[in-house]
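I opened a new notebook page for this complex.

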Amino acid sequence: MSTTPARPRVGLFATCLVDLFRPSIGFASAKLLEEAGCEVLVPPQTCCGQPAFNSGDKVTARDLALQVMDAFSGCDYIVAPSGSCTGQMVKHFPELFDEPQLAMRARAFAAKTFELVSFLTDVLKVTSVEATYEGRVTYHDSCSGLRELGIQSQPRKLLASVQGLELVEMNENDVCCGFGGTFAAKYGEISDTIVTKKTANISDSGAPLLLAGDLGCLMNMAGKITRQGKEIAVRHVAEVLAGMCDEPPIAGPGKTRK
Amino acid sequence: MTLHPTSPDFKDNAHRALHDPELQKALGHVQHGFIYKRQSAVERLPEFENLREAARDLKNHVLQHLDLYLETYERNVTAAGGQVHFARTSAEACETIVNICKSHGAKSVTKGKSMVSEEIGLNAAIEAAGMQAVETDLGEYIIQLRGETPSHIIAPAVHLTKEQVEGDFRRVHTHLDDARDLSEPVQLLTEARGVLRQKFLDADVGITGANFLVAETGSSIIVTNEGNGDLTQSLPRVHIVIASIEKVVPTLEDASLLLRVLARSATGQDMSVYTTLSTGPRRETDPDGPEHYHVVLVDNGRSAMLGTEFEDMLRCIRCGACMNHCPVYHAIGGHAYGWVYPGPMGAVLTPSLIGVEKGGHLPNASTFCGRCESVCPVKIPLPKLMRHWREREFERHLTPAVQRYGLKVWAFFAKNPGLYSLATRAAMTTLAWLGREKGRFASLPLAKGWTEYRDLPAPQGDTFQAQWRKRQRETRR
Amino acid sequence: MSARDDIFSNIRRSLGVNGKETPRRAAVTQRLADTPRGPIPARGQGSPAARLATFITEATRVSASVVVLDSVQSVPQEVARFLQEAQVPLTLKRGSDARLADLDWQAAGLDVSSGPSGGSDLNAISHAFGGVAETGSLVLLSGPDNPVTLTFLPDNHFVVLSGADLVSDLDSVLAKLRRIEALPRTVNIVTGPSRSADIEQTLLLGAHGPRRLHIMVVLG
């Protein structure tokens, strides 16, 4: 690819979960991108189509892929704070189209689409962030980010630059949390068994804060942690990297809201 | 004759499995042992990734030329004095084998471990014909005593504890003295070794599977750790090999390539203890070995998978790494899958072999975490193939109505950004207000599948997009 | 249509071929003639001394025991020593392999008989066709020289491996196999003594085959 423009126009694909449940992750992402010298755009957007794609509804998945590609056509890059949605755009959009024109377009779109943290480190060559967090954290590697996109060292590299932060690895940090999109609802009982093992590994790490790069997995783990009455806070890694931890943690009891 | 699938009852099976304390205890052994051993073996071999790629390419080459390699194989088996039989279906395969056994006046038949023999229901067919079938792999022997099927393709009794095995031995081995200590695995093994030794010596026919069939030489290859496959094929007068058609490889070197990835992926060994190439019956001057050598090649739906989106599945060399690394398998074990092949490979293969109407749950019961694909020695894109089954179900309107309806509503809004914005803002603001104190919901209508097991985090308030635009407007002002 | 013909026509229909296409036939003929090798692990490669060291390391890892002898004449003494140490009667079954038949077993106090095993032999000895440094494996050929039952029925299996027959990798020994006149009924590649982990994943030696595998590498 050609060299990075001086001030790249980055389309932030917030993902539907962030859009709906936790806008603060969107703002943290925007802050990180702006601090790294990007112009951040948020074109009107809905869903990348992954739920349809993984449910076998290829027609809807195609329609939504086209909608996303149209919405972000003016951007140098497309960045999402999620390995899962990025995986859909990078790995699966190109599989959706047999028509040569569209397939080529999907491949070109995929080539300029990145997960947030890996975009910061791998493309913008960011090596440190200006943030402080006093305490120990543990990090869960979400499956799509880890295995579809190879994201593993990148968040750890940036977390290491956060002042006061100590990363303690949990056992089996690369094992699925049991979310799996619609799986969590369709096969709730199996999903529950998997997430119960995960929260045990999280507690065993001794860290009072759990981080990951995907809100779906985070909501699943946070929901289990509060149901079990564990005193562990849960946040998206972008919130810590951006130094934006003033909002209550995911599923955590609120401070008074506006 | 074939095992009746309970795959349509997957959810009930899984529920029972999750509440079976002995099973849950036994499954603990899968989660850690296999994974750690494989990882160590892979780390010891820097060429492993290259081997995986070469193994994938080799299997693809074979599948594209399957007819020609099968012809070569058949010719070379015959040249070595063996006989090749073809079977289109389970029933045909069973009939062929039973007839061979009968023609040699067999009373007792020993068996090495073979998944395709489970697939075709061979033991039942042999017994129905009035002969005794004895499984000789320790794990297979144990589950045969229990009247069960394997719960894992390389560790058939992995779902059992040693206490359960002791109970079975005491029930069936009536010679056992009550005072004899059988509390440890080694004592159980010694007991089984003694009983099975006599069965090996008494057998008239020995049946083994094949890990590979070598076209170049007409050899069948089996790998075992116990040596049971070798005693099964060397002591009786007749050796029958049963194998599915995709097991053929061109040359000895090709078998060597696959051997290098097979044991490492399966048990974390560099090589299984016994890798045996068998070619024809005993030679004229041989003092031991079988006098007759038959090979039964089974199709049973595989030729129909070629040329489809499921062709990649025919690369499978049955190592079990996918299930060893599967969080769903770890949770429920193999029997819940309801047929012969469990775990990710079973989730793809089962609908191909028994139909998606019966096997449809299996490709859906995956989080698509991708760990199976990442360890597959022949790089089968298992999540992608499971997704293809979901597509076929969707096209054929087999997807459950609730899911279909939910998806339709979601898609309607997702395809209309304006309506989406209005609806989500209203919904999220309301939900945020309802959950404002606790920050989560312990139950919520329409989200029972979720909130039955875990809380649903409450949204923060207005949507990100709405807040972003509001801020943009404020900055501009 | 016979099952055979039906299966072949199904395969060809699925692949969209008729089986007579020259390029496909040529690809198959060529692969069978060229016998290309996959990636060969570096592990077993190196000088004869390095190969021997790797072989010993790998065979020991899989619970075989290995000794290096200067002469094949020392084999009977070594077998006797091993059996005495293991407190096992000094009996031994062998095949008709001349390299073993000619040794002075009596002098070592061993009661040796020859032929296949019927299941009552405690100990047996074989001469290997080859050894593989890569994995510490032995390659044994069945036949009158080495009845296959000797490899599986006894409790203690002794194998003599001539240093000259120790190769770096499995493919090298397979290439050597291709040079012999005809394959024997079985080629047994043996990597350690018999084992099972079928009960609670507990690894135990001596499942159905030998509990002990003692390898004697003879140099010179």
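I began with terms: helices (H or I, at least four residues) and strands (E, at least two) are DSSP runs, numbered from the N terminus. By that count, chain C has seven helices and twelve strands.

**Ground rules.** I noted that this is a predicted model, where local features need pLDDT of at least 70, side-chain atom pairs count only at pLDDT 80 or more, and totals for chains, interfaces and linings use all residues. Residues are numbered from 1 along each chain as its sequence is written, while chains are lettered from A and ligands numbered from 1 in the order in which they are written.

**Confidence.** I looked up pLDDT, the predictor's confidence in each residue, from 0 to 100. Chain C has a mean pLDDT of 97, and 100% of its residues reach 70 or more. For the complex, the predictor gives an ipTM of 0.98 and a pTM of 0.96.

**Chain C as a whole.** I boxed the C-alpha atoms of chain C along the principal axes and got roughly 70 × 40 × 40 Å. Next came burial: a residue is buried if 20 or more other C-beta atoms lie within 10 Å of its own, exposed if 12 or fewer, and partly exposed in between, with C-beta atoms placed from the backbone. Of the 220 residues of chain C, 49% count as buried. For contacts, I used C-beta atoms, placed from the backbone, that lie within 7 Å. Among contacts in chain C between residues at least 6 apart in sequence, 74% join residues at least 24 apart.

**Which chains touch?** I found two pairs of chains in contact, and chains B and C share the most contacts. Chain A and chain C do not touch; 20 Å separates their nearest C-alpha atoms.

**B against C.** This contact takes 74 residues from chain B and 62 residues from chain C. On the side of chain B, helix H10 (residues 185–202) gives the most, with eight residues. I sorted that side of chain B by class: 31 nonpolar, 26 polar and 17 charged. Here Ala, Val, Leu, Ile, Met, Phe, Trp, Tyr, Cys and Pro count as nonpolar, Asp, Glu, Lys and Arg as charged, and the others, Gly among them, as polar.

**B against A.** The contact takes 53 residues from chain B and 61 residues from chain A. The chain B side divides into 24 nonpolar, 16 polar and 13 charged residues.

**Strand E6 of chain C.**

Two strands pair if DSSP finds at least two bridges between them. Strand E5 (residues 130–132) of chain C pairs with E6(C) in the antiparallel sense over three bridges. In that pairing, C:Gly130 has C:Val139 as its bridge partner. The hairpin of E5(C) and E6(C) has four residues between the strands, and in it C:Gly136 takes a positive phi near 70°. E6(C) also runs antiparallel to E9(C), joined by four bridges. There C:Val139 stands opposite C:Ile189.

**Across the chains.** Five bridges join it to strand E9 (residues 274–278) of chain B, antiparallel. C:Ile189 turns up again, opposite B:Thr275.
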